[in-house]
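This report is written for a reader who is new to the structure shown below.

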Amino acid sequence: SDLMRKITYYHDIKLPNMSDAQIKEEYDIAFSQWAEVCAIEPLRVEKKEHANIYAQSGVGRAHNLDARGGTLAWSELPCGVSENMQLDQMFDEAEDWSFNMAVAVMCHELGHALGLGHLSAGNLMAPYYDPNCTAPRDGDIKAIEQLYGKRKDRYPITKDAGLKINGQIMINGRPYVLVPQT
C-alpha cells in the first residue's frame, strides 16, 4: 500500500484534572496501541508545524463540540496522504475525563486519523464510547492491518502505562480477570 508509515504527531490538549505529563502519556499509549498491531511508526515532534496529526482541546461550537455528555472528540479523516499533510483532532474540555477514558478516546480518534471509519459495537472504532474498550479489538486490528499491514517486529511501548482496567482478557487461550487496583 502507498500509505505513509512514519506518522508524526503533536498535541496541545488540556483536560480538566490532568497534568500535561499525564496527557502526553495517554496520547503516547493510545498511538502505541495502534503501532503494536500494524506497520506504522508514530513519532512525537516538538513543533506542531512538523506534525501529520495535530491534536488540541476546546469547548463549544467554536471547536465543533457540544456540551458535556455529547461528542467527546473528533478527528479529520485522511483523504490524500502526503508528508506535509496535517489532520486536526479536537478533544472536549467540558467532559469528565479519566485516564482510561482519555486513552480510549484518543486511540479511537487516532484510528480515524489513520483512515478507519466506524465499526460495529464491541470494537474500539464503534461510534459510541465504551469504557470497557480502551484498545483496538479484533475487528479494529483486522481493519487497520488491511490498510497498513501486520507489524512484523515488536513495538516497544516506552513506559508501562499502568492502566487501571477491569474486565477479562485472554492470554494464550486462558481467561484472566483484571481487578482494578485500589
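A polar contact is a pair of N or O atoms within 3.5 Å; within protein, one atom must be able to donate a hydrogen and the other to accept it, and residues adjacent in sequence count only if both atoms are side-chain atoms. The backbone oxygen of leucine 124 lies 2.8 Å from a polar atom of the side chain of histidine 108, and a polar contact of 3.1 Å joins the side chains of histidine 108 and histidine 112.

The model is predicted, so local features need pLDDT of at least 70 and side-chain atom pairs count only at pLDDT 80 or more, while totals for chains, interfaces and linings use all residues. Residues are numbered from 1 along each chain as its sequence is written, and side-chain values use heavy atoms, with hydrogens and water left out.

Histidine 108 lies in helix α2 (residues 99-113), where helices (H or I, at least four residues) and strands (E, at least two) are DSSP runs numbered from the N terminus. Leaving aside residues up to four places away in sequence, histidine 108 touches His118, Leu124, Met125 and Ala126, contact meaning heavy atoms within 4.5 Å.

The structure also holds four aromatic pairs; rings of Phe, Tyr and Trp (its six-membered ring) pair if their centres lie within 6.5 Å, and planes under 30 degrees apart count as stacked, over 60 as edge-to-face and the rest as tilted. One of these pairs, formed by tyrosine 9 and tyrosine 27, is tilted, with 5.4 Å centre to centre and 35° between the planes. Tyrosine 9 lies in strand β1 (residues 6-12) and tyrosine 27 in helix α1 (residues 20-35), so this pair ties together parts that are 18 residues apart in sequence. Ring pairs link Tyr9, Tyr27 and Phe31 into a cluster.

The table gives the relative accessibility of some residues named above, with buried meaning under 20% relative accessible area, exposed over 50% and partly exposed in between (1.4 Å probe, protein chains only).

| Residue | Relative accessibility and class |
|---|---|
| Tyrosine 9 | 5%, buried |
| Tyrosine 27 | 0%, buried |
| Histidine 108 | 10%, buried |

In helix α3 (residues 138-148), the residues Asp140, Ala143, Ile144 and Tyr148 are buried. Seen down the axis of α3, its buried residues fall within an arc of 115°, so they line one face of the helix; the arc is that of the directions from the helix axis to the C-beta atoms. The face of α3 turned away from its buried side carries the exposed residues Asp138, Lys142 and Gln146, whereas what covers the buried residues includes β1 and α1.
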